[in-house]
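Please look at the sequence and structure below. This report describes a strand with its neighbours, and then a loop residue with its contacts.

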Amino acid sequence: MANQPSETMNPFENAKKQIDRVGKRLGLAADLLEVLKAPNRELTVNFPVKMDNGSLRVFTGYRVQYDGALGPFKGGIRFHPQVSLDEVRALASWMTWKCSVMGLPYGGSKGGVICNPKDMSKGELERMTRRFASAISVIIGPEKDIPAPDVYTDGQTMAWIMDTISMNTGFSVPGVVTGKPLVIGGSKGRDEATARGLMYATRECAKRIKINLKGATAAVQGYGNAGYHSARLLAGEQGTKVVAASDSSGGVYNASGLDPVALNAHKAKKGTVVGFPGSKGISNEELLELDVDVLVPAALENQITTKNAKNVKAKIVAEGANGPTTPEADDVLFKKGIYVIPDILANGGGVTVSYFEWVQNLAQYSWSAEEVTQRLERNMVQSFATVWDMAQKEKVDLRMGAYMVAIQRVAEAYRVRGIYP
Ligand code: NAD
């Protein structure tokens, strides 16, 4: 079946559609909605990088600062061949609502470079990262905009950015990025924070709809930072059986459950989850339609669309990825009684611990792993409850509930700052 005519795979169109839907529901004025749909600032940079073979290549990157009403901008940097300005705008918009729903004093931003890190050497990646950092240095900084890792960027990428900015400042500036290695001011618990938050959100949802996660089944799409740690924590701390997992090369299935840690070791060695001993192959499409209790899309956008939403059988969809479900597919899932824990809440643990990292950097003090985990759990439980209560009160799905909480807070910031009457 073709996608419905109004369904678009342009993530920014979808992000704006979501704002319109929520704005109407909240009764916000059309002119304020126009403000909320327009990014504050967008920077496009084209910059040269010396490649290993001696040639010079021009890369294009973006930094979009979406809305700064609640505080300095905050958002990850993605290295991917499909990066586009509209994708970065959408991701920056979602960061705005995520920071708001998680109660963090940040506006949202995002960055990206069009490249294929899999085809680049470490030296090429480092030179590209440093040039990009220099190019966007005019708008980032601890008081202005604080990047973090996203798809195909990690602690090493953040360390190169921090070093580049520090070299030009004349002293170490740890607060310019989060998701750094511990030795240069990273926070304990940041690596697994997105997944730990997702695990708490899933637990809170399961409790309310009376699913026992112990012995329940889960499938995880994407086996990177968000996906792997989600599988590991759901299995290790909730006793959930992870029966399927996938990456960009394909997926694996075992009805008796996969060992998430051994699967990660296999991926580290072979570059993919495919071929994991004791498992059978499964496609990414099949994985999404498995009869499991919990489905965790933790790869990229637009994975659940009107094409496959009717075949999704999970009881809970916990969105590790940003934007994995189109607005039209959302409606289908809601009608089927499936609880979708929306990205801005389900993966909000990552930016929450990034916030903790930044606070530790500014205070020049570091917290124990227990303190980070306790604060994260408290924040997730509280944010989930606020969203759940809003959704119950308004008789809407959790995504609408989360956006209503988030957009209401930003609209209130506009009002008290005197920008909007
Ligand atoms: P990552 O680079 O660590 O992992 C991405 C994974 O997705 C890899 O295993 C890759 O093979 C897989 N993948 C790529 N294309 C795929 C496809 N077409 N089908 C199936 N798998 C595919 O990235 P990450 O940090 O885990 O990010 C994943 C998602 O989670 C993104 O949407 C990101 O925005 C979101 N997210 C990440 C964080 C974080 O802290 N890392 C926080 C919030 C949201």
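## Pairing of β6 and β7

In this predicted model, A219 stands opposite A244 in β7. The two residues belong to a parallel pairing: strand β6 (residues 217-221) is joined to β7 by five bridges.

Strand β7 covers residues 241-247, and six of its seven residues are buried, so the strand is largely enclosed by the rest of the structure. In a regular strand, side chains alternate between the two faces of the sheet.

## Pairing of β7 and β8

β7 also pairs with strand β8 (residues 250-253), here in the antiparallel sense and over four bridges. Within this pairing S246 stands opposite G251 in β8. The two strands form a hairpin, with two residues between them.

Where does N322 lie? N322 is in the loop between β11 (316-318) and α10 (327-335). Its relative accessibility is 9%; buried means under 20%, so N322 counts as buried.

The side chain of N322 makes a polar contact of 3.0 Å with the side chain of K98. Another polar contact, at 3.1 Å, links the side chains of N322 and N347. Leaving out residues up to four places away in sequence, N322 touches L91, W94, K98, K110, D150, L300, E301, D343 and N347.

Conventions. Residues are numbered from 1 along each chain as its sequence is written. This is a predicted model: local features need pLDDT of at least 70, side-chain atom pairs count only at pLDDT 80 or more; totals for chains, interfaces and linings use all residues. Side-chain values use heavy atoms; hydrogens and water are left out. Buried means under 20% relative accessible area, exposed over 50%, partly exposed in between (1.4 Å probe, protein chains only). Two strands pair if DSSP finds at least two bridges between them. A polar contact is a pair of N or O atoms within 3.5 Å; within protein, one must be able to donate a hydrogen and the other to accept it, and residues adjacent in sequence count only if both atoms are side-chain atoms. Contact means heavy atoms within 4.5 Å.
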